[in-house]
Amino acid sequence: SEWLPVPWAAKQISADGDWRYDPRTHAVVAVGSNRKLATRDLTYSVTSWDLVPGSDSIAAASAGDPGDGGLTTRLPSGLDPDLAELANDIIERATTDGERALALTDWLRSDAFTYSTEGRPGSTLETLADFLLSSRSGYCEQFAGSLAALARMINIPSRVVIGFLPGVRADDQFEVSLRQAHAWTELYFDGLGWVPFDPTPSGATGVTPSPTPSESSAEPSTQPTAGPSSSPEATADPTGSSGPDG
């Protein structure tokens, strides 16, 4: 891969080769003529900050401006108008942007949805509408993309992140392979920055929810109390142009 897998947010990296860091997306990407082979047999070290806020901080937060000229609040034309009505119904009892984000996440993790890798393939607007309004069955790509779209409908900046789950512990280390490939969502809040939200149901492909859902996750909640788990390890395309099967 041309993308270096790093836990968010990287503070220091030591790796052979020629790499560039994008401070806007926090991605580390290879440069040069052999970019696609940059991580082959590569051993490297990364020191990262642990910046995931607790649910109380999220619940009190307001949507912020990531300084991208509106890129992460932009929505395509042709969206089913029922989706905006759905988003407003889900957040009806929430009073802050942070509570609205948690309510959307809780709803996607609720019993209204089924995790399945047999869901309708594709990333079109019709696929999004089918997932949220009809089938409500899919895998991480559908859950992450849906939360990103719903958040933008209520003016919270969002992006889909492609990366990996924390992996499988083996003695004093964790082994991460393509089996742990995963997609989740990041939402931008004033004073907190980009915060990871994983709307894929708990237990699916080893997912541990982040932030941890509230006790009444079957209904949107305005009183989240539990703290977040460790976030997955972010890497690859922060725009989520393609997704894994996790």
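A salt bridge here is a side-chain nitrogen of Lys or Arg within 4 Å of a carboxyl oxygen of Asp or Glu. Before you start clicking, note that this is a predicted model: local features need pLDDT of at least 70, side-chain atom pairs count only at pLDDT 80 or more, and totals for chains, interfaces and linings use all residues. Residues are numbered from 1 along each chain as its sequence is written, and side-chain values use heavy atoms, with hydrogens and water left out.

**Stop 1: the salt bridges**

Side chains of opposite charge can pair when their charged atoms come close. Searching the whole structure turns up five salt bridges.

Select Arg 35 and Glu 2: their side chains meet in a salt bridge at 2.4 Å, N to O. Arg 35 sits in the loop between strand E3 (27-30) and strand E4 (45-48), and Glu 2 in the segment before strand E1 (10-14), so this pair ties together parts that are 33 residues apart in sequence. (Helices, H or I with at least four residues, and strands, E with at least two, are DSSP runs numbered from the N terminus.)

Which of the three is buried, partly exposed or exposed? The cut-offs are under 20% relative accessible area for buried, over 50% for exposed, and partly exposed in between, with a 1.4 Å probe and protein chains only. Glu 2 is buried at 11%, Arg 35 is partly exposed at 35%, and Lys 36 is exposed at 61%. Show what surrounds Glu 2, taking contact as heavy atoms within 4.5 Å: leaving out residues up to four places away in sequence, its contacts include Trp 19, Val 28, Val 29 and Ala 30.

Jump to Arg 100 and Asp 97, another salt bridge, with the closest N and O atoms 2.9 Å apart. The two are three residues apart in helix H3, so about one helical turn separates them. Arg 100 is partly exposed at 21%, while Asp 97 is buried at 18%.

**Stop 2: the nonpolar core**

Here a nonpolar core means a set of buried Ala, Val, Leu, Ile, Met, Phe, Trp, Tyr and Cys residues joined through side-chain atoms within 4.5 Å. The largest one has 31 residues, and Trp 107, Leu 108, Leu 132, Phe 189 and Phe 197 have the most contacts inside it. Among the elements giving it two or more residues are helix H3 (97-109), helix H4 (125-135) and strand E10 (181-189).

Centre on Phe 189: its contacts, not counting residues up to four places away in sequence, include Asp 97, Ala 101, Ile 156 and Phe 197.

**Stop 3: the rings**

Rings of Phe, Tyr and Trp (its six-membered ring) pair if their centres lie within 6.5 Å; planes under 30 degrees apart are stacked, over 60 edge-to-face, and the rest tilted. That rule gives six aromatic pairs. One of them is Trp 107 with Phe 113, edge-to-face at 4.8 Å centre to centre and 90 degrees between the planes. Both are buried.

Next, select Phe 131 and Phe 143, edge-to-face at 5.0 Å and 85 degrees. Phe 131 is in helix H4 and Phe 143 in helix H5, twelve residues apart. Ring pairs link Trp 107, Phe 113, Phe 131 and Phe 143 into a cluster.
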